[in-house]
Amino acid sequence: MADTKQAETATPQATLKSAERRTAKLAKQIGAFAGKHGGAEGQLAYLGQKGTRIVLVGDDGAWGDLVAPTYDVARAATERAGITVHEDFDGEFAAKVETGPYEWSRMAGLQIGGPANPSSGKP
């Protein structure tokens with residue numbers, strides 16, 4: 001008779017090692033962003049089952065983001081990278097973000113002359 005017992009997908013140790021590797025990789029990416037942009041600050045945004053978004057804003061106004069599998073991994077990565085993490089993306093922190101023509105056209109869409117929305121059927 002065949003064994004119908006299901007194997008566990010990951011042991012607690014394997015899960016912990018995976019989280020540690022992901023934390024180290026994210027911390028390295030955050031550090032590289034900070035180095036390229038004269039420093040950086042961040043904000044963590046919970047995305048549900050998809051994980052946690054790490055929004056980064058460089059001292060030069062550049063911005064980007066990364067996604068961590070969990071909030072704990074995101075928090076650990078930002079701590080390891082040594083950046084300041086804000087509770088909210090507002091006020092002085094949000095004012096540091098510099099946007100260019102690309103971002104404005106993507107945000108504005110059809111409202112103020114951005115690119116046409118191909119799904120609208122309008123030119």
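In this predicted model, Arg 53 and Asp 65 form a salt bridge, with their closest N and O atoms 2.6 Å apart. Arg 53 sits in strand β2 and Asp 65 in strand β3, so the pair ties together parts that are 12 residues apart in sequence. Both partners are partly exposed, Arg 53 with a relative accessible area of 30% and Asp 65 at 39% relative accessibility.

The count of salt bridges comes to three. Another joins Arg 80 to Glu 20, again with 2.6 Å between the closest N and O atoms; here helix α2 is linked to helix α1 across 60 residues. Arg 80 is partly exposed, with a relative accessible area of 46%, and Glu 20 is likewise partly exposed, at 41%. Glu 41 and Lys 96 also meet through their side chains, at 2.3 Å from N to O. This pair connects strand β1 with the loop between α3 (91-95) and α4 (101-108), parts that are 55 residues apart in sequence. Glu 41 counts as buried because its relative accessibility is 12%, under the 20% limit, whereas Lys 96, at 39%, counts as partly exposed.

Beyond its neighbours within four places in sequence, Leu 26 is in contact with residues including Ile 54, Leu 66 and Val 73. The buried residues of α1, among them Thr 23 and Phe 33, pack against β1, β2, β3 and α2. After α1 comes Gly 38, with a positive phi near 75°.

Definitions and conventions:
Residues numbered from 1 in each chain as written. Predicted model: local features only at pLDDT ≥ 70, side-chain atom pairs only at ≥ 80, totals over all residues. Heavy atoms only, no water. Contact = heavy atoms within 4.5 Å. Buried < 20%, exposed > 50% of the residue type's maximum accessible area, 1.4 Å probe, protein only. Helix = DSSP H or I, 4+ residues; strand = E, 2+ residues; numbered from the N terminus. Salt bridge = Lys/Arg side-chain N within 4 Å of Asp/Glu carboxyl O.
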